[in-house]
Amino acid sequence: MSTSKQIAIVGATGLVGTTMISVLQERGLFSKDVRLLASKNSAGKKINFGSFEIEVEELTEDSFNTIDVALFSAGGTISKKYAPIAVEKGCIVIDNSSAFRMDSTVPLVVPSVNSDALENHNGIIANPNCSTIQLVEAISVLKKYTIERVIVSTYQSVSGAGQKGVDHLQSEIKGETPQQRISPHQIAYNTVFHSFDNSPYSEEEIKVKNETKKILSMPDLSVFATCVRVPILGGHAESVYVKTAMEMNLQTLREDFSNSSSIVLVDNPQDHLYPTVQHSNGRDETFVGRLRLETPNELHLWVVADNLRKGAASNAVDILQVLLEKNLFILKKTA
Ligand SMILES: NC(=O)c1ccc[n+]([C@@H]2O[C@H](COP(=O)([O-])OP(=O)(O)OC[C@H]3O[C@@H](n4cnc5c(N)ncnc54)[C@H](OP(=O)(O)O)[C@@H]3O)[C@@H](O)[C@H]2O)c1
């Protein structure tokens with residue numbers, strides 16, 4: 001697929017931004033006309049792409065004058081300030097931050113699950129949290145059994161916290177004091193929780209719960225999350241329990257997961273075949289395995305994905321591709 005739309009990446013030098021560049025290239029959506037935006041620290045930096053190079057520009061209020069669609073991955077503060085400016089200029093924003101996810105006027109979209117929500121966008125479209133994306137992609141397969149309760153425990157890599165998370169872990173492994181931290185605790189050889197904000201639940205746990213209900217359009221669904229940061233660089237794993245009103249059986253469940261084009265079922269533990277984060281590295285699918293029925297109405301499963309691709313960049317580009325296929329663009333205003 002190619003496009004005549006002018007694309008910008010906000011946060012192009014970050015972990016998600018550089019992964020977005022890779023995914024756009026792989027899908028034939030990248031050209032020398034793509035605008036790469038970041039902070040003033042990166043302005044002027046040149047990035048080579050085979051036969052051409054692109055200079056990174058500082059993000060300013062004028063950055064969106066000629067842009068049709070901007071993929072934002074520079075954090076919530078930047079999104080809150082610049083996304084409305086971009087939309088005012090006729091640019092669609094696909095935002096990776098949490099700034100707009102729970103705004104009732106903003107679609108929160110995993111295209112394999114709820115692409116219809118894109119039909120009603122008002123300029124800003126939110127990309128869910130990385131842990132949420134792989135969870136809803138897996139459990140949406142079970143919607144036909146009427147999901148009543150979901151309990152998820154996550155095992156999340158440090159790259160989920162951006163370059164700062166990677167730097168924190170790598171410094172500690174080298175025996176150095178990290179210049180940047182994502183936890184007051186040591187991360188190397190340890191397990192820690194995400195940050196808390198006057199609540200017994202971490203911010204990540206609250207995001208997983210609320211976003212899952214919104215994406216599945218099940219506001220009364222019972223979702224309980226325990227989110228854990230583990231000392232690996234990339235890939236998130238999740239242990240998931242799902243209770244359903246209707247009975248399930250393993251053979252049909254295997255067919256259900258195998259029939260989903262966005263899921264890879266790896267489930268033969270006797271031969272050591274189950275999803276690991278190494279399976280998911282560099283892949284755009286969600287990996288599912290260890291299917292175990294505790295009762296006909298209670299399923300346990302293991303869900304793994306590449307947080308930078310499936311959990312962020314690839315999902316954002318999937319959204320862009322649906323917008324292109326359905327021509328869901330807004331009229332460009334003059335600058
Ligand atoms: N990492 C994940 O797995 C993941 C998953 C889902 C969603 N997200 C979300 O995606 C966003 C980016 O995450 P990341 O992991 O890519 O973080 P990151 O590696 O720390 O990258 C941050 C990016 O933001 C840019 N930036 C910072 N301040 C800026 C400013 N004042 N103006 C313009 N650009 C600025 C940085 O540019 P400089 O290089 O110039 O500083 C860099 O390009 C966050 O909102 C995060 O919550 C991340």
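Which helices each supply at least two residues of the shell around the ligand? They are H1, helix H2 (76-88), helix H5 (163-173) and H9. Helices here (H or I, at least four residues) and strands (E, at least two) are DSSP runs, numbered from the N terminus. The model is a predicted one, where local features need pLDDT of at least 70 and side-chain atom pairs count only at pLDDT 80 or more, while totals for chains, interfaces and linings use all residues. Residue numbers start from 1 along each chain as its sequence is written.

To stay with the ligand, 29 residues surround it, and the closest are Gly14, Val16, Ser42, Ala74 and Gly162. A residue counts as near a molecule or strand if its C-beta atom, placed from the backbone, lies within 6 Å of it. H1 gives the most to this shell, with three residues. Sorted by class, the shell has ten nonpolar, 18 polar and one charged residues. In this sorting, Ala, Val, Leu, Ile, Met, Phe, Trp, Tyr, Cys and Pro are nonpolar, Asp, Glu, Lys and Arg are charged, and the others, Gly among them, are polar.

H1 turns up again in a helix pair. Helix H1 (residues 15-26) packs against helix H9 (residues 309-326) at an angle of about 50 degrees, with the axes 9 Å apart. That makes H1 oblique to H9, since angles under 35 degrees count as roughly parallel, over 145 as roughly antiparallel, 65 to 115 as roughly perpendicular and the rest as oblique. Axes are lines fitted to C-alpha atoms, for helices over the stretch in contact, and angles run from 0 to 180 degrees between N-to-C directions. On the H1 side, Val16, Thr19, Met20, Val23 and Leu24 meet Arg309, Ala312, Ala313, Ser314, Ala316 and Val317 of H9; contact needs C-beta atoms, placed from the backbone, within 7 Å. This contact comprises eight nonpolar, two polar and one charged residues.

Then there is the sheet. Seven strands make up an open sheet with mixed pairing, in the order E10-E11-E9-E12-E15-E14-E13. Strand E10 (192-193) and strand E13 (263-265) are the edges, each pairing on one side only. Two strands pair if DSSP finds at least two bridges between them. Strand E9 (residues 147-156) and strand E11 (residues 222-229) run parallel and are joined by eight bridges; Gln156 has Arg229 in E11 as its bridge partner. Helix H4 (residues 130-139) packs on the sheet, where it touches E9, E11, strand E12 (236-244), E13, strand E14 (286-295) and strand E15 (298-305), and its direction makes about 45 degrees with that of E12. Helix H7 (residues 250-258) also packs on the sheet, touching E13, E14 and E15, with its direction at about 160 degrees to that of E14.

H4 has a helix partner too. The axes of H4 and helix H6 (residues 203-215) come within 9 Å and cross at roughly 40 degrees, which makes H4 oblique to H6. Ser131, Thr132, Leu135 and Val136 of H4 make the contact with Glu204, Lys207, Val208, Glu211, Thr212 and Ile215 of H6. By class, that contact holds four nonpolar, three polar and three charged residues.

Strand E3 (residues 46-49) and strand E4 (residues 52-55) pair in the antiparallel sense over four bridges. Two residues lie between them, and Gly50 in the turn has a positive phi of about 60 degrees. Phe49 sits opposite Phe52 in E4, and Lys46 opposite Glu55.

Notes
Contact = placed C-beta atoms within 7 Å.
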